[in-house]
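Dear colleague,

Please find below the structure that I am handing over to you. My findings follow it.

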Amino acid sequence: MKPLYVFLLCSIILAALAIAFPDLLLSPGPLLKGHEKLNTSCLSCHEPFGGTTTARCITCHKPDEIGIRNTVGDLLPKDTARIIFHKGLAGNSCKECHTDHKVADASKAIRTFRHASLTTALRKNCRACHKDQIPDNLLHRYAKGNCSECHTTKKWKPAAFDHKQLAASDAGQCISCHKTDRPNDNLHRQSDANCAACHGTNRWKPATFNHDRYFRLEGDHRTSCRTCHTTPGDYKKYTCYNCHEHSPSNIAAEHRKEGIYRYDNCMKCHRNDSSGKRDD
Amino acid sequence: MWQSVLIQRALPLTLSWMLLIAAAISLDYLLHRADLPWIGRYLGVAGTAFVASSFGYSARKKKIVQKGSVRLFLRLHCNAGWIGTLMIVVHSGIHFNALLPWMATLFMMTVTASGHIGQYLVRKLREEVRIKKMETGIENDRNEDPEREHYWDSVTLKALEKWRAIHMPIVSVLLALCLLHILSVIFFLNWR
């Protein structure tokens, strides 16, 4: 037989077989479990020369019913995240995530999901889908903002936390999160102040606390904070009357002897700071 | 034993066919290792172009192409066919499950094997013609009559007829399989 006839005969036979048994001759793999009835109906999903289109997907999978009802109208167990997720999607995006002909298990047939496919409103509402993934720890209980403020869309870690995201009322509660970060030294043991009084929110060091800027703690002044700072947590207030050397009667007597009657603000005259000026 | 004509001519061709399989497996492995198996998809197109170019030999023999040495076209046929087959076998390594492309791959390997046998026969017949020419004393006649040269070519071709009677139908089946595979891909592919 002439090669041309062999070619034509084979082409006709193979074309007929491909039309009769497309699942065997043409299909690149089995369809998903839910699609198994379509194994021999390629054109249910494929448009000739146009591939698979969303228009064909939504003839069965109505976007408003995803997560609520299945394709035959039966109610599904409530899955709020799935409902919100699919409702917000653009009209032609089924193929962005879903594919077929890979394996029979639907969950494995999902392509890499891209957050860019989501609508802007849904992108700003991470919790709509990720609410079950929020860790049950102090930080996440305080952080009320969107996940994307700290996390990227590719991985949860590394994350960049910014204290500005905390609510104003929570921002002053440093110790509720940083209890274990507090050093067990004299200075920190005595301090009732908020960490933010000395530390920044990016790093612990450098810290701004430097007592010498206000008053050098030397000689008899090397004493506990509470001797001078009697109002807990407020280190702007101080008193010089808390030691027997500076008793109110002594101070009054000494100052009146010099003709000084306004001596409430000790530091006005008795500066002893790092500028080196000392007026006592 | 190594001086045997059979070994001298058949061994390199057998090795060439086995090398084709080994190269395809190695290339496929490397592409998967480098996480680049998608390249295999495009090797199908490139391989088809190579195989199609190998048909230049048939066009030259049928005088559709008028110029160029037939031997050169034969060499092009063999080399382009070998490279094209390699690319297409790697292309098949992207694990499609349909019967049609697998049958095409199987036939492609068969056609390549048959091509190697043809190559062996051509070499063997050329050697026999050379010996016959030597016996008749025309071996060193550089100004040989073109018609006589054509006679010797036809002697070679006639001897190859039996081989062609098997090779060409397999090629025809392969072409039918490839055509349907390509058409089905164009028909179902997502072009957007």
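In this predicted model, A:Asn146 sits in the loop that joins helix H8 (138-142) and helix H9 (168-171) of chain A. With 15 other C-beta atoms within 10 Å, A:Asn146 is partly exposed. Apart from neighbours within four places in sequence, A:Asn146 is in contact with A:Lys124 and A:Cys126. A:Arg127 lies 19 residues from A:Asn146 in sequence, and their C-alpha atoms are 7.2 Å apart in space.

As regards the contact between the chains, 22 residues come from chain A and 23 residues from chain B. On the side of chain B that touches chain A, helix H5 (99-136) and helix H6 (146-188) of chain B each supply at least two residues. H6(B) gives the most to that side, with 14 residues. By class, the side of chain B that touches chain A comprises 18 nonpolar, 4 polar and 1 charged residues.

Within chain B, helix H2 (residues 38-54) packs with helix H4 (residues 70-92) at an angle of about 160 degrees, and their axes are 7 Å apart. H2(B) is therefore roughly antiparallel to H4(B), a term that applies to angles over 145 degrees. The crossing of H2(B) with H4(B) is left-handed. Among the residues that meet in this contact are B:Gly40, B:Leu43, B:Gly44, B:Gly47 and B:Val51 in H2(B), and B:Leu76, B:Ala80, B:Gly84, B:Met87 and B:His91 in H4(B). The residues of the contact of H2(B) with H4(B) fall into 10 nonpolar, 10 polar and 1 charged.

Yours sincerely

Note on methods. Residues numbered from 1 in each chain as written. Chains lettered and ligands numbered in written order. Predicted model: local features only at pLDDT ≥ 70, side-chain atom pairs only at ≥ 80, totals over all residues. Contact = placed C-beta atoms within 7 Å. Helix = DSSP H or I, 4+ residues; strand = E, 2+ residues; numbered from the N terminus. Nonpolar A, V, L, I, M, F, W, Y, C, P; charged D, E, K, R; others polar. Axes fitted to C-alpha atoms, helices over the stretch in contact; angles between N-to-C directions. Parallel < 35°, antiparallel > 145°, perpendicular 65-115°, else oblique. Left-handed = near helix turned anticlockwise from the far one by under 90°. Buried ≥ 20, exposed ≤ 12 C-beta atoms within 10 Å, placed from the backbone.
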